[in-house]
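Please keep the structure in view while reading.

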Amino acid sequence: MKRKAVYPGTFDPPTNGHVDIIERGSKVFDKLLVAVAVNPHKKTLFSPDERVTMLKEIVQSYDNIDVVSFSGLLVDFMVSAKADVIVRGLRAISDFEYEFQMAHLNKKLLPEIDTIFMMTGEKFFYVSSNIVKEIASLGGEVNELVDKCVEVKLREAFSKR
Ligand code: PNS
């Protein structure tokens with residue numbers, strides 16, 4: 001049986017921590033769908049299309065990874081994507097409470113699905129989209145934290161302000 005998993009997130013912007021989970025997830029599952037959440041109530045630096053484009057560029061050399069966007073409930077997207085596993089990365093203890101809550105609520109909404117956590121590689125424990133945006137907004141170097149295409153987009157976004 002082919003296993004298809006979904007790696008959902010806001011990815012505003014994608015960091016090397018996300019890329020680590022994407023690469024490792026693509027080895028564990030036959031197909032990995034990276035799903036960019038579109039939430040009109042959440043203020044993001046990059047539009048859904050920009051986030052999808054950056055992720056597509058990052059994963060272009062992988063045959064078994066697709067990047068899409070979704071709006072509404074993740075569990076509804078899981079049904080339409082015919083996937084039953086959610087992949088999430090776990091950094092330090094601070095991620096746990098939020099992830100625990102989401103995994104349980106998603107399971108309550110759709111008992112057939114499971115959430116699988118991958119420990120973020122130790123190099124990426126401290127990397128988050130928010131920290132990356134803060135550093136970039138203040139003119140700091142983010143080349144070790146994000147892909148080149150993201151670095152360029154960040155520079156563009158903050159030079160316009
Ligand atoms: O990268 P993030 O912001 O931690 O990702 C959170 C995300 C997008 C996975 C979560 O907010 C989500 O699943 N949103 C879709 C709406 C939904 O299903 N909410 C209920 C989750 S229990």
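I93 sits in the loop between β4 (85-90) and α4. Helices (H or I, at least four residues) and strands (E, at least two) are DSSP runs, numbered from the N terminus. The model is predicted: local features need pLDDT of at least 70, side-chain atom pairs count only at pLDDT 80 or more, and totals for chains, interfaces and linings use all residues. Residues are numbered from 1 along each chain as its sequence is written, and side-chain values use heavy atoms, leaving out hydrogens and water.

**Surface patch**
- I93, F96 and F100 make a nonpolar surface patch of about 370 Å².
- I93 counts as exposed because its relative accessibility is 77% (exposed is over 50%, buried under 20%, partly exposed in between; 1.4 Å probe, protein chains only).
- F96 is partly exposed at 45% relative accessibility.
- F100 is partly exposed too, at 46%.

**Aromatic pair**
- The structure holds three aromatic pairs (ring centres within 6.5 Å; planes under 30 degrees apart are stacked, over 60 edge-to-face, the rest tilted).
- One of them joins F96 and F100: it is tilted, with 5.3 Å centre to centre and 35° between the planes.
- Both residues lie in helix α4 (residues 96-109), four residues apart, about one turn of the helix.

**K133**
- K133 belongs to helix α5 (residues 129-137).
- K133 is buried, because its relative accessible area is 16%.
- Beyond its neighbours within four places in sequence, K133 contacts D12, P13, L45, L154 and F158 (contact: heavy atoms within 4.5 Å).

Definitions and conventions: Rings of Phe, Tyr and Trp (its six-membered ring) pair if their centres lie within 6.5 Å; planes under 30 degrees apart count as stacked, over 60 as edge-to-face and the rest as tilted. Patches are made of residues with over 30% relative accessible area and no salt bridge: like charges are joined within 9 Å, nonpolar side chains (Val, Leu, Ile, Met, Phe, Trp, Tyr) within 5 Å. Accessible areas come from the Shrake-Rupley method with a 1.4 Å probe; for residues, only the protein chains shown count as cover. A salt bridge is a side-chain nitrogen of Lys or Arg within 4 Å of a carboxyl oxygen of Asp or Glu.
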